[in-house]
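Q: I'd like to learn how to read a structure like this one, feature by feature. Could we walk through it together?

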Amino acid sequence: MNNLSPDPAPQGTILTGDALQILNAVGNKSCSLLITSPPYNIGKIYEREKKRDINSYVDWVSPIFKLAIEKIADDGHLCLQVGAHLRNSEVFPLDYYFYKMLFDHGMKLRNRIIWRFNFGLNAKKRFSGRYETLLWFSKSENYKFNLDPVRIPQIYPGKRHSSKKPGKAGQPSGNPLGKNPSDFWEFSANEHFNTEPVWDIPNVKANHPEKTQHPCQFPVELAERCVLALTDPGDIILDPFAGVGTSVVAALKHDRNGIGIEIDEGYAQVGRERITLLRNGELNLRPIGKPVRLPRATEAVSTAPIEWKQLLTE
Ligand SMILES: C[S@@+](CC[C@H](N)C(=O)[O-])C[C@H]1O[C@@H](n2cnc3c(N)ncnc32)[C@H](O)[C@@H]1O
């Protein structure tokens with residue numbers, strides 16, 4: 001009889017409390033990936049304290065990240081998803097401030113990824129914001145990057161090397177597993193590829209299948225791509241601003257361990273319920289890589305309202 005035992009089931013935990021305190025309970029250098037979206041300081045319901053100006057926001061968040069970085073393994077990563085802080089319609093791009101802060105802590109930027117989505121507030125005195133960024137840092141030069149699990153289909157799979165390419169002339173030039181998804185996350189799902197060649201993970205708004213009571217979830221798919229590319233099964237993934245546990249769900253979905261820290265017990269509890277639903281195969285998830293559905297030309301929403309036609313001809 002061999003004494004091999006199966007790998008233990010991955011653990012998913014959401015701890016309640018202030019990240020600045022609770023992070024002390026996480027082992028130093030124990031996590032392969034820290035993925036998070038901190039509060040943007042834009043007056044959301046969970047930003048209970050008075051809105052901070054940008055400098056006091058940075059002063060507040062900086063010690064949390066300093067401590068959080070200690071939890072990342074030497075060959076680990078930090079993925080930070082942020083938008084902008086707004087004050088009197090003035091835009092403060094948070095990735096600008098975070099880049100400086102994390103660079104000063106020795107983190108090395110590998111990609112600044114644009115996450116584009118189609119919905120959000122309609123601005124009146126500036127162009128409406130329709131993208132946020134994801135900064136991916138490694139802690140050292142020695143880091144893992146698993147491209148194959150996140151490759152996407154080639155745009156031109158039939159492309160071949162030119163007849164002048166020594167040794168390769170006429171051979172297929174692409175990788176049969178797909179292409180690198182790039183830092184402007186694209187997809188090439190068949191039906192929409194020609195019209196909308198953008199990997200358009202919708203943000204989690206009203207009719208998104210993952211929507212909970214949290215006003216600012218990120219989609220599981222966004223975290224999944226980082227989890228798959230930057231970690232291996234059994235690794236630990238940490239989110240110190242866990243909200244309703246999206247990063248932990250993405251970790252567990254791919255046999256990694258997830259630790260979330262969330263100050264609001266209500267959100268933490270929703271996160272724990274999502275973990276249970278995932279384990280039971282009952283969590284509503286948008287399938288990874290599924291294209292955004294565009295309305296067909298025949299649908300009512302694709303046609304300009306009759307009232308507009310009248311207005312425009314008056
Ligand atoms: C942008 S949301 C994160 C949402 C998350 N990515 C998700 O998909 O659910 C930021 C979260 O940080 C939490 N938060 C704010 N201050 C915190 C602190 N000091 N420690 C831990 N969590 C905090 C907020 O309650 C909020 O849920």
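This is a predicted model: local features need pLDDT of at least 70, side-chain atom pairs count only at pLDDT 80 or more; totals for chains, interfaces and linings use all residues.

Q: Which polar atoms of the protein lie by the ligand's nitrogen and oxygen atoms?

A: Look for pairs of N or O atoms within 3.5 Å. A polar side-chain atom of Thr-246 is 2.6 Å from a ligand oxygen. The backbone takes part too: a polar backbone atom of Ala-19 lies 2.9 Å from a nitrogen atom of the ligand, and one of Phe-218 lies 3.0 Å from an oxygen atom of the ligand. As for cover, the ligand taken alone exposes 600 Å², and the protein buries 98% of that.

Q: Which residues of α7 are buried, and where do they fall around the axis?

A: The general idea first: an α-helix has 3.6 residues a turn, so residues three or four places apart point the same way. In α7 the buried residues are Tyr-267, Ala-268, Val-270, Gly-271, Arg-274, Ile-275 and Leu-278. Viewed down the axis of α7, they fall within an arc of 160°, so they line one face of the helix.

Q: Is Tyr-57 buried or exposed?

A: For this, compare its relative accessibility with the cut-off: under 20% means buried. Tyr-57, in helix α2 (residues 54–70), has 1%, so it counts as buried. Its C-alpha atom is 7.2 Å from that of Asn-41, which is 16 residues away along the chain.

Q: And where is Asp-235, and what does its side chain contact?

A: Asp-235 sits in the loop between α5 (220–230) and β8 (236–239). At 15% relative accessibility, Asp-235 is counted as buried, and its side chain makes a polar contact of 3.3 Å with the side chain of Lys-144.

Q: Which strand holds Ile-113?

A: Ile-113 belongs to strand β6 (residues 108–116). With a relative accessible area of 4%, Ile-113 is buried.

Notes: Residues are numbered from 1 along each chain as its sequence is written. Side-chain values use heavy atoms; hydrogens and water are left out. A polar contact is a pair of N or O atoms within 3.5 Å; within protein, one must be able to donate a hydrogen and the other to accept it, and residues adjacent in sequence count only if both atoms are side-chain atoms. Accessible areas come from the Shrake-Rupley method with a 1.4 Å probe; for residues, only the protein chains shown count as cover. Buried means under 20% relative accessible area, exposed over 50%, partly exposed in between (1.4 Å probe, protein chains only). Helices (H or I, at least four residues) and strands (E, at least two) are DSSP runs, numbered from the N terminus. The arc is that of the directions from the helix axis to the C-beta atoms.
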